[in-house]
Amino acid sequence: MNSINIFLENTYDEYNIDEVAIHKDIVKMAEYIFADSTVMTQSCLKDYEYNTVCFDIVFVNNEEIHRINKEYRQKDSPTDVITFAIFADSPKEEQYIFDGEVNLGEIVVSLDKIEEQSKENNIPFNDELYFLVSHGILHLLGFDHQTEDDYNFMVEHQNKSKAILL
């Protein structure tokens, strides 16, 4: 893989974040995840050749993530992160790579939830943000947390990828 293209959008106008710095950190974190052979040999990309990976991250408020959670997951409450793993969740015959670029999907993050959870856990806002974005990236790569082993794998790699930013 030669590059990672991440489109980051803050749709929550009332919440001012340093999008340039956060984007830079997320790219660094994603590069770490994509360089981890333990992750990649188990990911949805393991059997494919590609030059570029791309995905979107959209920051929203609790109202918007509640709407999305209700519409797409039938859960009537806000949540912290929702991942639409377009590539990983598609059947093999619909996993397309165009001109060497694979679009993994979209991560939607509630900035309100990040703030709430960072205060509850007494950790910096960006620590919680990066922990959840790395969670979303792992979902984009086809990982889930249905079993305790899967959950532990994801949390271990979320912590590792977040730690490179400290």
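**Salt bridges, strands and surface**

Modeller: R67 forms a salt bridge with E71, and their closest N and O atoms are 2.8 Å apart. Please keep in mind that this is a predicted model.

Biologist: Where do R67 and E71 lie?

Modeller: Both R67 and E71 belong to helix 3 (residues 62–73), where they are four residues apart, about one turn of the helix.

Biologist: How accessible is R67, and how accessible is E71?

Modeller: R67 has a relative accessibility of 40% and counts as partly exposed. E71 is partly exposed as well, with a relative accessible area of 44%.

Biologist: How many salt bridges does the structure hold?

Modeller: The structure holds six salt bridges. One of them joins E115 to K119, with the closest N and O atoms 3.0 Å apart.

Biologist: Where do E115 and K119 sit?

Modeller: E115 and K119 are both in helix 4 (residues 111–120), four residues apart, which is about one turn of the helix.

Biologist: Is K119 buried or exposed?

Modeller: K119 is exposed, its relative accessible area being 60%.

Biologist: What about E156: with which residue does it form a salt bridge?

Modeller: E156 forms a salt bridge with K160, and the closest N and O atoms of this pair are 3.1 Å apart.

Biologist: Why are E156 and K160 separated by about one helical turn?

Modeller: They are four residues apart in helix 6, and therefore about one helical turn separates them. E156 is partly exposed at a relative accessible area of 38%, and K160 is partly exposed at 35%.

Biologist: Which residues do salt bridges with shared partners join into one network?

Modeller: That network consists of E64, R67 and E71.

Biologist: Let us turn to the strands. Why is strand 2 largely enclosed by the rest of the structure?

Modeller: Strand 2 (residues 52–60) has nine residues, and eight of them are buried, so the strand is largely enclosed by the rest of the structure.

Biologist: In which sense does strand 2 pair with strand 1?

Modeller: Strand 1 (residues 3–10) and strand 2 pair in the parallel sense, over eight bridges. For F7, the bridge partner in strand 2 is D56.

Biologist: And over how many bridges do strand 2 and strand 4 pair?

Modeller: Strand 2 pairs with strand 4 (residues 101–110) over nine bridges, in the parallel sense. There, T52 has E101 of strand 4 as its bridge partner.

Biologist: Back to the surface. Which residues gather in the patch of negative charge?

Modeller: D89, D144, E148, D149 and D150 gather in that patch on the surface.

Biologist: Where does E148 lie, and is it buried or exposed?

Modeller: E148 lies in helix 6 (residues 148–163). E148 is exposed, because its relative accessible area is 62%, and the cut-off for exposed is over 50%.

Biologist: One more residue: is H157 buried or exposed?

Modeller: H157 is also placed in helix 6. Its relative accessibility is 6%, so H157 counts as buried, the cut-off for buried being under 20%.

Biologist: How many Å apart in space are H157 and E19?

Modeller: From C-alpha to C-alpha, H157 and E19 are 24 Å apart in space, and 138 residues apart in sequence.

Key
Residues numbered from 1 in each chain as written. Predicted model: local features only at pLDDT ≥ 70, side-chain atom pairs only at ≥ 80, totals over all residues. Heavy atoms only, no water. Patch = residues over 30% accessible without salt bridge, like charges linked within 9 Å, V, L, I, M, F, W, Y side chains within 5 Å. Areas by Shrake-Rupley, 256 points an atom, 1.4 Å probe, with all protein chains shown as cover. Salt bridge = Lys/Arg side-chain N within 4 Å of Asp/Glu carboxyl O. Lys, Arg positive; Asp, Glu negative; His and termini not counted. Charge placed at Lys NZ, Arg CZ, Asp CG, Glu CD. Helix = DSSP H or I, 4+ residues; strand = E, 2+ residues; numbered from the N terminus. Buried < 20%, exposed > 50% of the residue type's maximum accessible area, 1.4 Å probe, protein only. Pairing = 2+ DSSP bridges.
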